[in-house]
Amino acid sequence: MSLPGGSILRTATPDDAALLARFRAGMVTGFGVALEDGWEACWTAYFSEALTDGRYWALLAEQDGKAVACAALMFLPVVPVPSDPGGVRAQVQGVYTVPEFRGRGLGEALTREVLREAQRRGLKSATLNAAPLGQGIYARLGFELAAAPEMRLKLDGWAR
């Protein structure tokens, strides 16, 4: 696949875990969320393990030998339905482009490629959480707002 600006595409390996952790930090802070202490060690360990066992699959775009963008898939178990009996959904994760390479179409190209990978694996649906910066890209790709918004509860210390 050709990428904008002469970038090359490669599949991430466990050796890329620290890079993926740094890119995730850039993405999370872009949402306006503060990083917890210990994020780098936690995420590096997770990506190393998850890339090894197949729970996580990531692509990197490189320019002149330097990784400048990424996108990934997580494979989430779901209750099957007749139209999607596989019991697994693709969760698009970690779409990130370093600031100096934004606006060149890398995020969209990588997202298209991870969606193609989900199709190759026989998955029938994909979800993602979109930062405002990426919402237009995802809408062009066919993503729609979900009918039921997600709510979260931190269970640490919860007692009701």
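Predicted model: local features only at pLDDT ≥ 70, side-chain atom pairs only at ≥ 80, totals over all residues.
**Pockets, cavity and sheet**

Helix α4 is the main contributor to the lining of the second largest pocket, supplying 3 residues. The volume of the second largest pocket is about 740 Å³. Its lining comprises 19 residues. Those nearest the centre are L128, N129, E144, L145 and A146. Besides α4, the elements that give two or more residues to this lining are β4 and β5. By class, the lining of the second largest pocket holds 11 nonpolar, 4 polar and 4 charged residues.

The largest pocket has a volume of about 1,000 Å³. A set of 38 residues lines the largest pocket, and M27, V28, F31, V95 and A131 are the closest to its centre. Five elements each supply at least two lining residues: α1, α2 (39-53), β4, α3 and α4 (135-141). Strand β4 gives the most, with 7 residues. In the lining of the largest pocket, 19 residues are nonpolar, 11 are polar and 8 are charged.

Across the whole structure, the search returns 1 cavity of 30 Å³ or more. The volume of the largest cavity is about 30 Å³. Its lining consists of L20, F23, R24, F47, Y56, C70 and G94. Helix α1 (residues 17-30) provides the largest share of this lining, 3 residues. The class counts for the cavity lining are 5 nonpolar, 1 polar and 1 charged.

An open sheet is formed by 5 strands, with mixed pairing and the order β1-β2-β3-β4-β5. Strands β1 (8-11) and β5 (126-127) are at the edges, each pairing on one side only. Helix α3 (residues 106-120) packs on this sheet. Contacts of α3 reach β1, β2, β3, β4 (88-97) and β5. The direction of α3 makes about 35° with that of β3. Within the sheet, β2 (residues 56-63) and β3 (residues 66-77) are antiparallel partners, joined over 8 bridges.

Strand β4 links the two pocket descriptions. It is the leading contributor to the largest pocket, and it also gives two or more residues to the second largest pocket.

Technical notes: Residues numbered from 1 in each chain as written. Heavy atoms only, no water. 1 Å grid on protein atoms, 1.4 Å probe; cavity = no way out; pocket = protein on both sides within 12 Å on 5 of 7 lines; lining within 4 Å. Points joined across faces, edges and corners; volume = space filled by probe spheres on them. Helix = DSSP H or I, 4+ residues; strand = E, 2+ residues; numbered from the N terminus. Nonpolar A, V, L, I, M, F, W, Y, C, P; charged D, E, K, R; others polar. Pairing = 2+ DSSP bridges. Contact = heavy atoms within 4.5 Å. Axes fitted to C-alpha atoms, helices over the stretch in contact; angles between N-to-C directions.
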